[in-house]
Amino acid sequence: MTRHRRRARTNSTHNQTAYRLTAAWPSTTRPTLFQTTDRRRLDKVARQLAGAGATVDIEEHTGHGAWTALRRLEPTRAQRPRTTATRPHAGSAEEHLDGVERLMSRPPIPRDGGKPTARTVAHGRGIR
């Protein structure tokens with residue numbers, strides 16, 4: 001018998017919460033499983049799968065192999081056939097320029113209260 005034994009590898013980090021999602025499509029029998037500790041990544045994957053037409057169940061790990069359901073995402077995009085027809089090209093450049101002009105127009109009321117000097121340079125004295 002040896003005197004120095006290596007400790008068992010256990011998860012000693014108690015402040016990490018694990019999340020998992022289960023995505024199921026009506027046409028398939030096997031669901032897609034995804035597990036991570038990163039909540040932002042989980043939400044991104046869940047939105048992508050819901051956008052692809054899957055019903056997504058999101059669960060949180062509560063310890064000792066138990067999971068609690070957080071929420072369910074329904075499919076967001078209806079499966080409709082894609083059309084290849086586009087808008088006519090005549091006038092599309094003019095419409096684009098009209099949109100740019102609307103975006104670049106000055107607001108009807110000045111944001112600085114009508115003061116002609118900028119207050120962001122040299123302690124509020126404006127640009128000289």
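Residues are numbered from 1 along each chain as its sequence is written, and side-chain values use heavy atoms, without hydrogens or water. In this predicted model, local features need pLDDT of at least 70 and side-chain atom pairs count only at pLDDT 80 or more, while totals for chains, interfaces and linings use all residues.

Helices (H or I, at least four residues) and strands (E, at least two) are DSSP runs, numbered from the N terminus. Strands are paired if DSSP finds at least two bridges between them. An open sheet is formed by 4 strands in the order S2-S1-S3-S4, with antiparallel pairing. Strand S2 (32-36) and strand S4 (66-73) stand at the edges; each has a single partner strand, so one side of each lacks a neighbour in the sheet. The twist averages 25° from one strand to the next.

Strand S1 (residues 19-24) and strand S3 (residues 55-63) run antiparallel and are joined by 6 bridges. Tyr-19 lies opposite Glu-60 in S3. Helix H1 (residues 39-51) packs on the sheet and touches S1, S2, S3 and S4 (contact: heavy atoms within 4.5 Å). The direction of H1 makes about 5° with that of S1 (axes are lines fitted to C-alpha atoms, for helices over the stretch in contact; angles run from 0 to 180 degrees between N-to-C directions).

S3 and S4 pair antiparallel over 7 bridges. Val-56 has Leu-73 in S4 as its bridge partner. S3 and S4 form a hairpin with 2 residues between them. In the turn, His-64 has a positive phi of about 55°.

Helix H2 (residues 92-104) is hardly covered, with 0 buried residues among its 13 (buried: under 20% relative accessible area, 1.4 Å probe, protein chains only).

Methods:
Expected span 1.5 Å × (residues − 1). Buried < 20%, exposed > 50% of the residue type's maximum accessible area, 1.4 Å probe, protein only.
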